[in-house]
Amino acid sequence: MTAKRALVVASLAVLVAVALAPLAVLFGASFFPEGGPITLGAYGKVLASGRQWILLWNSLVVSASTTALALLVGVPLAFLTARTDLPLRRAYSFLYAVPIFIPPYVVAICWRYFVGDSFGVHAVVEKWLGLSEPLWKAHGYALCSFYMGLAMFPLVTLSTRASLLSADPALDEAALIARGRRPAATKVALRLATPGIVAGGSFVFLFALSEFGVPNLLMINTYAIEVYSQFKAFYDLDAATASSVPLLILACLPLAAMRLVERNRRFALARTERPPFTYRLGRARWPAFFFATAALLLGVGVPVVSLFVVAGPFANYRKAIALTGDDFLNSIEFAAVAATAATVLGFALAYAAARTRGRGLAGSIDVLSILPFAIPAGVLGIGFIRLWNRPGAFNLVYSTGAIVVLGFVARFVAFAVRAGSAALRHAPEAYEESAAVAGVPFFKRFARIAARLSFRGIVVAWIIVFVLSLGELNLAILVAPAGGQTLSLRIFNMIHFSYNDLVAALCLLLVGLAVLPVAVFALAFGRKPEVR
Amino acid sequence: MAEASLALSDVTRALGPRFLLGPVDLALEPGEFLVLLGPSGCGKSTLLRLVAGLDAPDSGTIEIGGRAASDPRIVVPPEGRGIGMVFQNLALWPHLCAAAQLLFVLGRSVPRSERASRVKEALSLVGLAGRETAYPHELSGGEGQRLAIARAIVTRPRLLLLDEPLSGADEPLRERLCGEIRSLQRRLGLPAIYVTHHRDEALATADRIAVMRDGRIEQIGAPRELWERPRSAFVARFLGLGNVLSGRSLGDGRVETALGAIVIDGGEKPRAGEAVAVSLRPEAIEIVDSGGVPARIESSAYRGDRSLVRVSVGEETLTLFSAAPPGDAGRTVRVAVRRPGVVVRGGEEARPR
């Protein structure tokens, strides 16, 4: 076996062991309840229940409306910040990404502080009008989608911008000469950004489908909560597994859409060194600026200002850190280890996909790595419990923070694979081939050429996984062992005890932790903090 | 006299602190095929982008078909200039099939009933009839180029701009397509500017060639005129294999050089004793059995019907053709000048290093 093949096989084996084995065990076991003969009983029970269909409908509505809002805000914002002469474009190109560093349930907490039925604006209005009853109830499905949409639109903006920024400007210029600005922008620039738009929308849909924190805060029932309840309240693993199947089918829809668009050669753009074409907004410049400012105020301004106001004096931050103790360190440790492991695995998989000519290997790696993310986090969590909750060596993982780390790696390795694949496009294979001809051994070529030239992408992959792991709640809430609680979990638990100032302080500390590596990256690479 | 299809007057454009295009003055006659020729980075494409309206000049005026397209008061947007353009990388929209590319370009400016026939006509003109539903990734290299041309002419523009449209094609395809573009342009009577850095392409197709260097037009004229009477050492060399020798005028229409006294053809005769540079085409120098001056063969390259030979005479290195095998490098032969030379500007700076 050649060294290259060994790397491919090893990375695939690790992916299967870490990310796919829990799912295989989970679904395998659901057909054999309590070790008995094969049966579809658990599925029959779940599917026959009218409640399950209502929950499924709720999840679909919440996820679809969240995605719609994220697209409505995210796509225009991406176009305005990437391809127009919008005032303050450079600053906005950085600011739009801030909500990525704020977990969705924290955004919901912020908005609760701002307009909740016993906080902020609401309290002022209530006092002003002298009302004894709340003027509005700050919960419900629409609000849930609104909060999640505001928290997640940067994902759409990020991926749409990536498509818009990689387009050959000659394509826009050819359309401009023929038809002018508007048709060029709508029928060429935005149409060619379809893969980025679909990918961003799909990620938002999948995140929304998995989201446990926001629906729980707003007291609405979705499928993610049902899966959690089946497990935590009734400890019924078979029912929890069976409950997750419809959710899994739902999750496959955006995944399929994304694959279809990405594989469509009609959207394949040739690489270009020229900067992207910039559209002049003309008379639309100020209305566009108003839209972008409003979006950023809602997505960034309200959450951050609310947190600062509620957190209060500096002493609260110290108090919050003292109160959380190990949770703070746990979060950093788990996120850092998971980010490192996922980045190494993700880059090896990306390398295998890019440099192996085996038919369908690249597509398989893409699908297999994204599957653990597409599957709702609660379902993945149950899979982890089923696989690792066994006596002996398995328990060494199950009873320690290792299970949280493995969970984060499984859930977010797809992001590292994608960042690695993008980075490898800047390291043509010919560089390695010329070294191979000169007698340089494989692992040296891999490390000194492929990895070295992709270093920036590797760092970006690490940051993405670190940030996502830091704010992860949906999986951690199921698998975190005693003594292995994370900051996200602590915040989530404290919400229910009305420690608002401490919760706000902890949320800001969490956001600060997430922003830290980005700031280091910007300083180290001497780059303007523009998020492509 | 018919109105110029394109007129540029004192056009300048600064691109960063180091590059200034112009001032450029240029007029294109109706139906004329003008080639902008020059090395990479000389400003050919920038000039084309100014004409297309993709970039605005810092000063000067541009008129297309007698109407102002750009002057200090008005800048007509690209879509209002009535031009068709073929881009260097073709810029075919990957998400549209061949017919849809043309339909998009036609837009609402053409009545719906007319659009289909216009698309069919344009695709037939470039030999793509029957390929209406093909997407760019399904087209061969040559078909891609043809589609880009069809897209540029389907609107019946007043001016056609071609920015190195054949740069991605291999040599035989380039030759064939170049001829096809020229014959199509003639058939449509469409004035066109064609940007290239290929000398043969320019010489074979152009009505006139404008040789550009460092943002300026160094010389403009018919291909034969530029070939036979280059005004500068740069033009002589860029048009291919031109020898530029330094010498001193004898004042009688001859210049004393390393090859002996060379007769100067046409133009103003330099004064006696004046230092000048003389351009000699390779075919003006021959290897001879007797007479001439001794020269050392540096290298020779077999070119089928003849050999391209580089020889050194004193400090000068010259290029010439030889029908017979010239012998190995290092051999000494005798060379003589058989035709008059032309006095050119900038002999020293154009000398190869």
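These notebook entries cover a sheet in chain B and a helix pair in chain A.

I noted that this is a predicted model, in which local features need pLDDT of at least 70, side-chain atom pairs count only at pLDDT 80 or more, and totals for chains, interfaces and linings use all residues. Residues are numbered from 1 along each chain as its sequence is written, while chains are lettered from A and ligands numbered from 1 in the order in which they are written.

Entry one, the sheet. I looked up the strands (DSSP runs of E, at least two residues, numbered from the N terminus) and found five in chain B forming an open, antiparallel sheet ordered β13-β12-β11-β14-β20, where pairing requires at least two DSSP bridges between two strands. Its edges are β13 (260–263) and β20 (342–344) of chain B, each of which pairs on one side only. I recorded an average twist of 50 degrees from one strand to the next.

Entry two, the helices. I turned to α16 (residues 326–355) and α17 (residues 361–374) of chain A, whose axes come within 7 Å and cross at roughly 155 degrees (axes are lines fitted to C-alpha atoms over the stretch in contact, and angles run from 0 to 180 degrees between N-to-C directions). That makes α16(A) roughly antiparallel to α17(A), a label for angles over 145 degrees. I then listed the contacts (C-beta atoms, placed from the backbone, within 7 Å): Leu349(A), Ala352(A) and Ala353(A) of α16(A) meet residues of α17(A) including Leu361(A), Ile365(A) and Asp366(A).

Notes:
Helix = DSSP H or I, 4+ residues; strand = E, 2+ residues; numbered from the N terminus. Parallel < 35°, antiparallel > 145°, perpendicular 65-115°, else oblique. Contact = placed C-beta atoms within 7 Å.
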